Amino acid sequence: MRHYSTIDRCIQSLDQAVRSLVPGATTAQRSNPAQGVESSLSIREARHVAGLMRVNHSGEVCAQALYHGQALTAKLPNVRREMEHAAIEEQDHLAWCEDRLKELDSLPSLLNPVWYGLSFAMGAIAGVAGDKYSLGFVAETERQVSLHLEDHIEQLPEQDERSRKILVQMNEDELKHRDTALDAGGVDLPKPVQITMNAISKLMTKTSYYI
Ligand SMILES: [Fe+2]
Ligand SMILES: [Fe+2]
């Protein structure tokens with residue numbers, strides 16, 4: 001296996017961050033679940049859905065950062081491949097959310113660099129704490145993401161099949177990611193960590209809806 005120096009790793013991390021944050025820099029490997037589906041929305045509805053999709057997009061930026069931070073510090077000898085597979089599926093989610101935002105004539109959140117930085121640090125710290133915590137952190141994140149996706153699916157206007165198709169597929173993937181992390185030995189995180197994660201995720205959902 002090739003050995004990477006610290007500088008190589010820093011450049012790689014910076015490259016991953018830029019790819020996650022610059023619109024259009026990530027391409028999906030799977031086709032968009034909304035392909036061939038029609039939805040027409042009023043201006044009011046479109047504005048609300050754009051807010052929801054902006055939150056989901058920020059959530060996917062966090063997922064990218066979490067997996068990147070984890071890959072930097074965690075050992076994950078037996079499950080690295082599974083985690084890399086999950087990270088690739090997260091790129092699909094990011095690209096699909098971005099596509100939908102563009103269709104709704106809207107933009108990703110300006111706060112994404114902040115969420116990326118926080119999630120990267122949390123992922124890297126969890127990796128240092130040990131693989132079972134790192135995997136526990138993935139499982140808890142995916143559980144929380146799935147909860148807010150389910151809430152957003154409920155909030156979509158009935159005729160917005162395009163957004164629904166995307167969010168339903170994402171939710172299915174997130175639950176799979178959670179189970180993979182748990183099966184690989186992820187442990188429940190201490191309550192204060194869960195509460196802090198919940199608080200950050202609430203702050204993110206409340207602000208990214210608007211900016
Ligand atoms: Fe995702
Ligand atoms: Fe996920």
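Which protein donors hold the iron ion (ligand 1), and how far from it do they lie? They are Glu60 (OE), Glu60 (OE), Glu90 (OE), His93 (ND1) and Glu174 (OE), at 2.0 to 2.4 Å. Keep in mind that this is a predicted model, where local features need pLDDT of at least 70, side-chain atom pairs count only at pLDDT 80 or more, and totals for chains, interfaces and linings use all residues. Residues are numbered from 1 along each chain as its sequence is written, chains are lettered from A and ligands numbered from 1 in the order in which they are written, and side-chain values use heavy atoms, with hydrogens and water left out.

**Confidence**

- The protein chain has an average pLDDT of 90, and 99% of the residues score at least 70; pLDDT is the predictor's confidence in each residue, from 0 to 100.
- Among the chain's elements, H6 has the highest mean pLDDT (95) and H1 the lowest (81).
- Those labels come from DSSP runs, numbered from the N terminus: helices are H or I with at least four residues, and strands are E with at least two.

**The iron ion (ligand 1)**

- Donors here are N, O and S atoms within 2.8 Å of the metal (3.2 Å for Na, K and Ca); water is not among the atoms, so sites may look incomplete.
- Along the sequence, the donor residues of this iron ion (ligand 1) follow the spacing E-x29-E-x2-H-x80-E.
- Glutamate 60 sits in helix H2 and histidine 93 in helix H3 (residues 80–103), so this pair ties together parts that are 33 residues apart in sequence.
- Glutamate 60 is buried, with a relative accessible area of 1%, and histidine 93 is buried too, at 0%.
- As for the wording, buried means under 20% relative accessible area, exposed means over 50%, and partly exposed is in between (1.4 Å probe, protein chains only).

**The iron ion (ligand 2)**

- The protein donors of the iron ion (ligand 2) are Glu90 (OE), Glu142 (OE), Glu142 (OE), Glu174 (OE) and His177 (ND1), at 1.8 to 2.3 Å.
- In sequence, the spacing of its donor residues reads E-x51-E-x31-E-x2-H.
- Between the iron ion (ligand 2) and the iron ion (ligand 1) there are 3.8 Å, and glutamate 90 coordinates both.
- Glutamate 90 belongs to helix H3 and glutamate 174 to helix H6, so that pair links parts 84 residues apart in sequence.
- Glutamate 90 is buried at 0% relative accessibility, and glutamate 174 is buried at 1%.

**How H1 and H2 pack**

- Helix H1 (residues 6–21) and helix H2 (residues 43–73) have axes that come within 10 Å and cross at roughly 170°.
- Axes are lines fitted to C-alpha atoms, for helices over the stretch in contact, and angles run from 0 to 180 degrees between N-to-C directions.
- H1 and H2 are therefore roughly antiparallel to each other (angles over 145 degrees; under 35 is roughly parallel, 65 to 115 roughly perpendicular and the rest oblique).
- On the H1 side, Arg9, Ser13, Gln16, Ser20 and Leu21 meet Val61, Gln64, His68 and Leu72 in H2, where contact means heavy atoms within 4.5 Å.

**Two arginines**

- Arginine 164 is in helix H6 (residues 161–183) and is buried, with a relative accessible area of 17%.
- Leaving out residues up to four places away in sequence, arginine 164 touches Ile153, Leu156, Pro157 and Glu158.
- Arginine 19 is in helix H1 and is partly exposed, at 45% relative accessible area.
- With residues up to four places away in sequence left out, arginine 19 touches Ala25 and Thr26.
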